[in-house]
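Hi,

Here is the structure I promised to pass on.

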Amino acid sequence: MADQAAENELSFLALVCDVLKSIEKESHDVSQKMTDLKSQLQRARECVEKMPGIQYSKTEQLKQIDVLRNQLAVKTELLQKYKHMQTFDLSQ
């Protein structure tokens, strides 16, 4: 539900089509349609600004991904190692 709301928030095609149709018809509501499109674009900018990690450059993001992948590999390797270790019976 939230994904669909976010998708609708960032969907500009219908508004652009409305603007173009209004221009073709030489309608008087072109300015209103343009205002709607501008407000939609502003909401999209606000959504983008709220995205996590947007403050980092592409290089920093790629470095972070590399660090996280290395951590995942190490932890996966440790899990496999501990999974294959013999268990000890301490009840005796």
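Before anything else, a word on burial: a residue is buried when its relative accessible area is under 20%, exposed when that is over 50%, and partly exposed in between, with a 1.4 Å probe and protein chains only. On that scale Asp29 is partly exposed, at a relative accessible area of 31%, and Lys33 is partly exposed too, at 23%.

Please keep in mind that this is a predicted model, where local features need pLDDT of at least 70 and side-chain atom pairs count only at pLDDT 80 or more, while totals for chains, interfaces and linings use all residues. Residues are numbered from 1 along each chain as its sequence is written, and side-chain values use heavy atoms, leaving out hydrogens and water.

On confidence, pLDDT is the predictor's own score for each residue, from 0 to 100. The protein has a mean of 83, with 84% of its residues at 70 or more.

The fold has 4 helices and 0 strands, in the order α-α-α-α along the sequence. Helices here are DSSP runs (H or I, at least four residues) and strands are E runs of at least two, numbered from the N terminus.

Back to Asp29 and Lys33: their side chains meet in a salt bridge, 4.0 Å from N to O. The rule asks for a side-chain nitrogen of Lys or Arg within 4 Å of a carboxyl oxygen of Asp or Glu, and it gives a count of 1 salt bridge.

Which residues of helix 3 are buried? They are Leu37, Gln40 and Ala44. Looking down the axis of helix 3, the buried residues fall within an arc of 60° (taken from the directions from the axis to the C-beta atoms), so they line one face of the helix. On the face turned away from that buried side sit the exposed residues Ser31, Lys38 and Glu49.

Buried residues make up 8% of the 92 residues in the protein. The exposed surface comes to about 8,600 Å², 58% of it from carbon and sulfur atoms; areas are by the Shrake-Rupley method with a 1.4 Å probe, and for residues only the protein chains shown count as cover.

Lastly, Val74, Leu78, Tyr82 and Met85 make a nonpolar surface patch of about 390 Å². Patch residues have over 30% relative accessible area and no salt bridge, with like charges joined within 9 Å and nonpolar side chains (Val, Leu, Ile, Met, Phe, Trp, Tyr) within 5 Å. Tyr82 belongs to helix 4.

Cheers
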